[in-house]
Amino acid sequence: MTIAVEATNDPLSVNHASGTMPVTHRVVFLLLILLSLIAPFFVYPVFLMKVMCFALFACSLNLLLGFGGLMSFGHAAYFGGAAYVAAHVAKVWETTPEVAILLGTLSSTVLGLAIGSLAIRRQGIYFAMVTLAFAQMVFFGALQFPFTGGEDGIQNVPRGDLFGLFSLRSDFSLYFVVLVISFGGFLAIYRIIHSPFGLVLKAIRENEVRAVSLGYQVNHYKLIVFVLSATLAGLAGATKTIVFQLASLTDVHWSMSGEAVLMTLIGGMGTVFGPVVGAAVIVTMQDYLASLGAWVTVIQGCIFVISVLLFREGIVGLIAKVLRRPL
Amino acid sequence: MCYKTIIAGALAAAAYTLPAHAQVSDDVLKIGVLTDMAGVAADITGKGSVVAAEMAVEEFSSTVLGKPIQIISADHQHKADIGASIARKWLDVENVDAIADIPNSAVALAIQNLAREKKRIALFSGAGSTALTNDQCSPYGFHWTYDTYSVSHGTASAVVKAGGASWFMLASDYAFGHQLAKDAGDVVKASGGDVLGEVLHPLGTADFSSFLLQAQSSGAKVIGIANAGADTVNAIKQAGEFGIVEQGQSLAALILFLQDVHSLGLAVAKGTYLTTASYWDIDDQSRVWSEKFKSRTGMMPSMVHAGVYGSVLHYLKAVEKAGTDDAGKVAAAIRELPINDAFTHDAHVREDGRVLRDMYLARVKEPSASKGEWDYFEIVSKIPAADTVWPLDKSTCPLVKK
């Protein structure tokens, strides 16, 4: 709650002349907070934690794709890379979970810096392909390194005690930790896209040449947003590891990158809340339709086709259009 | 959650005050089949596994201890996090008593740990990782059908005995392939044979030609194919294009299922050696069961299907004997009872949770020798149970007393 209020008072979250967070955003934030406080009493908490982790993952991609205009097809590398590092740190080094999550996230920052500094030299499809190629290298590493356990993954990662004090074995207490982490990540993104830095990003997205002519070091901005996005994807992956107590090849597989893109597009690319909705829709389908077997992927495909044909701006984008307010 | 625990506790306390009655929590015995419905293992597991579990339940007339038995199923889509979250929900919210099948070793290991923590029964049939009964073994986890050790050791030792003394290994280049090739190679050497060479191929490659040419020019009598799924199918297909079997070399696939042979066709797969835990055409009992299975699914059962059926049936027998669905007592009964079903005769469960059963060395028939659809395997020999399992003195399972 307090963080939300802080963000509201932040003079830099300028989007409108008024200088404060738009009313619609405030309402949605309040609703989200309320919903996430009530939800675990009615819905299975592990499922909710999964939605939150993937929502953060999709938001991190949205930061890059929707606001930076950079289509990364290799976000699984940061998500999965952090998952493996966090799993290893928590299991083998036997640290507390917050240290594992922190080190996992940092590893993604470093990885994002390395890959980003090379990838941003190219644009469009070439950028996407370069990120995909690097992600495949990370996948290959996860397959071959001795510490990753090959196709078995790293299993039985302890949830441990937060700060060495609070046991996270109960789903309920872990839920609120994950809630704080994902909400923190979400607010960070909100802050980034409504800062002067975010405005420059949008300018680059709309017209890169013009941004250069205005004197902006375009590559500088691109690299920063790339690293930020990788870091947040890593935060999501590391948190997911603690929730499910495992890291596996699924996390670094290219289809995980695809899933993040799918969530972002269905929810609404370039909207603030879109990826959250997209993640909720996709994860719900994966979990609740699992008994339908093969139909999960078919239904997912159909929804994607419908979304592209009928409402290209995504679910939240469509709502925003109807309300005539940015969401 | 809290009040749920309290209610559960109250119910448990109430149940203990009525010792004369059989005890099944929440008045229904639920078995979850967690499987692969659309991915690479969908043919050998998938819908067939659900049908196999239902057929086991029908043998019990769908009731045990006077309570109904319910089968539920889900597709883990080969993703460990999806598998783990479905299983968690099954165990926490839906009170599932046992989870069966679980192809994909990452998902299986996740379930093994979850079931140990939540004290529920896990019956692995579709997974092949030996870790399930070694360092990750569990008092509640039972590895039913096959593991990578049993299929590689069974095939390698039997093929050497049948005269295939010199081997060349074609292995996929990751931990699983390395292990499979090493296991098989060790057995070949221990049985008096020789491994002439090894080549590693990248996982999921589409082109095996250079690897097969190396295998061909090695002069080895047997080419051991140490990979799985689509890689195995592609390797055998391309070996057929090179005419490797016609030119006198044999193929030994370390992991190959009936359905793989069905999709390859006999013309391509003929002459390949493999190990199987069961085959539909062994005796009258297996034939009757399999025909019934075929009338529902359109295919003969793979060894995984037979394993799911056997494991669920044995689980129900154990629940009946224990008089409760309490996992600890049922696990004890599972270990105690001999295993008998349409495919298994007098097998039993070892202390690490591995099922000890005789397996079969099979050879894929020539198209001319096959009497019809699904008549694919010629059983070469029976492999005694002791040769198909990881030796206990090398076990890293904490449940094994040394």
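Reader: How many Å separate the centres of domain 1 and domain 2 of chain B?
Author: In this predicted model, the centres of domain 1 of chain B and domain 2 of chain B, taken over C-alpha atoms, are 28 Å apart.

Reader: And how many residues from each domain take part in the contact?
Author: Domain 1 of chain B contributes 12 residues, and domain 2 of chain B contributes 14 residues.

Reader: What are the residues on the domain 1 side?
Author: On the side of domain 1 of chain B that touches domain 2 of chain B, seven residues are nonpolar, three are polar and two are charged.

Reader: Which residues belong to which domain of chain B?
Author: Domain 1 of chain B covers 24-146 + 283-357, and domain 2 of chain B covers 149-276 + 358-388.

Reader: Turning to the sheet, what is the order of its six strands?
Author: The order in this open sheet of chain B is 2-3-1-4-5-6, and the pairing is mixed.

Reader: Which are the edge strands?
Author: They are strand 2 (63-64) and strand 6 (141-143) of chain B, each of which pairs on one side only.

Reader: How many bridges join strand 2 to strand 3?
Author: Two bridges connect strand 2 of chain B with strand 3 (residues 67-75) of chain B, and these strands run antiparallel. B:Thr63 has B:Pro68 in strand 3 of chain B as its bridge partner.

Reader: Which strands does helix 4 lie across?
Author: Helix 4 (residues 105-118) of chain B lies across strand 1 (29-35), strand 4 (98-101), strand 5 (121-124) and strand 6 of chain B. Helix 4 of chain B runs at about 160° to strand 5 of chain B.

Reader: What does helix 12 touch?
Author: Helix 12 (residues 303-322) of chain B packs on the sheet and touches strand 1, strand 2, strand 3, strand 4, strand 5 and strand 6 of chain B. The direction of helix 12 of chain B makes about 155° with that of strand 4 of chain B.

Technical notes
Residues are numbered from 1 along each chain as its sequence is written. Chains are lettered from A and ligands numbered from 1 in the order in which they are written. This is a predicted model: local features need pLDDT of at least 70, side-chain atom pairs count only at pLDDT 80 or more; totals for chains, interfaces and linings use all residues. Domain bounds come from an automatic or database domain assignment. Two residues are in contact if their C-beta atoms, placed from the backbone, lie within 7 Å. Ala, Val, Leu, Ile, Met, Phe, Trp, Tyr, Cys and Pro count as nonpolar, Asp, Glu, Lys and Arg as charged, and the others, Gly among them, as polar. Two strands pair if DSSP finds at least two bridges between them. Helices (H or I, at least four residues) and strands (E, at least two) are DSSP runs, numbered from the N terminus. Axes are lines fitted to C-alpha atoms, for helices over the stretch in contact, and angles run from 0 to 180 degrees between N-to-C directions.
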